[in-house]
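Please look through the structure shown below before reading on. The paragraphs that follow take up the places where its parts meet.

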Amino acid sequence: MARALINVPAKAKPGEVIAIKTLMSHIMETGFRHSSTGDAIPRDIITSFVCSYDGAEVFRADLYPAISANPYLTFFTTATKSGPMTFEWRGDNGFVAKETAEIVVE
Amino acid sequence: MSRQALMRLAHFSLAVLLVAFGFAASATEIPLSERKSGYEFMGPQSRAMQDDDTANPGMLSVFDGEALWNAKTGATNQSCAGCHGDATQSMKGAAARYPAFNASRGRPLDLEGQINLCRADRQQASPFAYESRELLALTAYVARQSRGMPIEPTIDARTQPFLDAGRAIFDLRQGQLNLSCAQCHDDQWGQRLAGTVIPQGHPTGYPQYRLEWQSLGSLQRRLRNCLVGMRAEPYAVGAPEYVDLTLFLMWRARGMKFEAPAVRP
Amino acid sequence: MKRSDEFPQASRRTVLRSGSALAACMVLAVRPAKATPDEMKAAIHKVIGEATIQTGKVHLDVPPLVENGNTVAISVSVESPMNAASRVKTIHLFNEKNPQPNVASFHLGPRAGRAEVATRIRLADTQTVIAIAELSDGSFWQDSAEVIVTLAACVENM
């Protein structure tokens, strides 16, 4: 079950720089580990994260196996206008998760 | 230092601990006023991770658990919410009172055992496996409703024999290192074992997100880790000994604040 | 002719030596378990090309001693006006001794407002972590930190 925790301020003033926190449920299996029977455990990680808002990509991250399980990312953007902020995580084995958070800017 | 070298150092330290304190008099209980949650032994980064619900990875399971709480399942097509209603009200303080005596089983059950009993009797559904995503999630959701409340398991004539059995396990020297829980967690807390501080061993925040596990895990899983560390034979998964030990540990932590889902190294 | 001349008996030492030679070949044949400082340099070169990196502007915040290498809180901030004329475009994180030198690359949009990111990373061992910022003027700036990784004494697998 893919589940994310997203923390975006509900309200902001135009031009205000706001913090965004995201926590995504994912094992981030590195591909460098072996099972108790000696078999290599294949890599299964999130490789990219994108946050879009007000018609533009505001933040993007390329992730590698060194990112901890349940990837946590915090970053900033400038509040421009009310509307949805979209978040998209993509990874190995066709993993895709999308979430949306609304912000009111006035 | 490599991981292997550190592990060897950890094992060596355990052995030194054994030699140094193996002949000490029997463990003395920690005075109630000197008890400390493992939280107090953590660094600021780990504390911050636990304190902020939007940064605590254990909360991912809590939200999974909320969905399971409200999902109808089993032959009776009943949800947890169907009987218990709003968990934020009905489950307030519940986890802080477990393990609790169950008359039909004639012994105390831990929270996981109670959830699986509800599934069997009320929902007529198959029990969740121990450490399964579902059981951890439901347990975490129920446990979250007790955060900040004092731990207070009921000790009476029915539970006293199981509390005594749990205490006996806590004091029992076992494994290849011939070590008891008490020798580390009553007598040597605050000291270091390799690079890490020995905590007092209060189960204030289970299920908890352990950085070592990179996931949420139950107290039973943690107790198995301890037994392996002592090089003792762990009890079988779901064994009653874990519940007795849990009852003793919760009594030992009576009055302390419940923290689930806690974060620990 | 004695049989031993035809088939000279390998001494025990020879057998052992060839055994260890074989083992050495096998070790060389498998993928190294850890990146090396050279591999980190190569990974950095791939990002910056022929540019030089200056020290400053970047502030890498990571605890000097971590309780568990599986989850290390790390944040990077860069001094920058973050306007159209001058801003941080990308922040890269590298490590020295994990199996791979890359940790993450963060691409900041023109409306980022503040050049600051935080995440949690894995460190397989005590090592140096490097943060490199690429600015809109094409310059690169870096900060580095040495992190000591401790381990839990009682873990699941011995």
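How many residues of chain C are in contact with chain A? In this predicted model, 25 residues of chain C are in contact with 23 residues of chain A, where two residues count as in contact if their C-beta atoms, placed from the backbone, lie within 7 Å. Local features need pLDDT of at least 70 and side-chain atom pairs count only at pLDDT 80 or more, while totals for chains, interfaces and linings use all residues. Residues are numbered from 1 along each chain as its sequence is written, and chains are lettered from A and ligands numbered from 1 in the order in which they are written.

On the side of chain C that touches chain A, strand 6 (102–108) and strand 7 (116–121) of chain C each supply at least two residues, and strand 6 of chain C gives the most, with 7 residues. Helices (H or I, at least four residues) and strands (E, at least two) are DSSP runs, numbered from the N terminus. Strand 6 of chain C also pairs with strand 5 (residues 56–63) of chain A, in the antiparallel sense and over 5 bridges, pairing being assigned if DSSP finds at least two bridges between two strands. Within strand 6 of chain C, Leu108(C) stands opposite Phe59(A).

Chain B is divided by its domain assignment, which is automatic or from a database, into domain 1 (26–43 + 155–264) and domain 2 (58–144). The C-alpha centres of these two domains of chain B lie 23 Å apart, and 23 residues of domain 1 of chain B are in contact with 21 residues of domain 2 of chain B. Helix 11 of chain B gives the most to the side of domain 1 that touches domain 2, with 5 residues.
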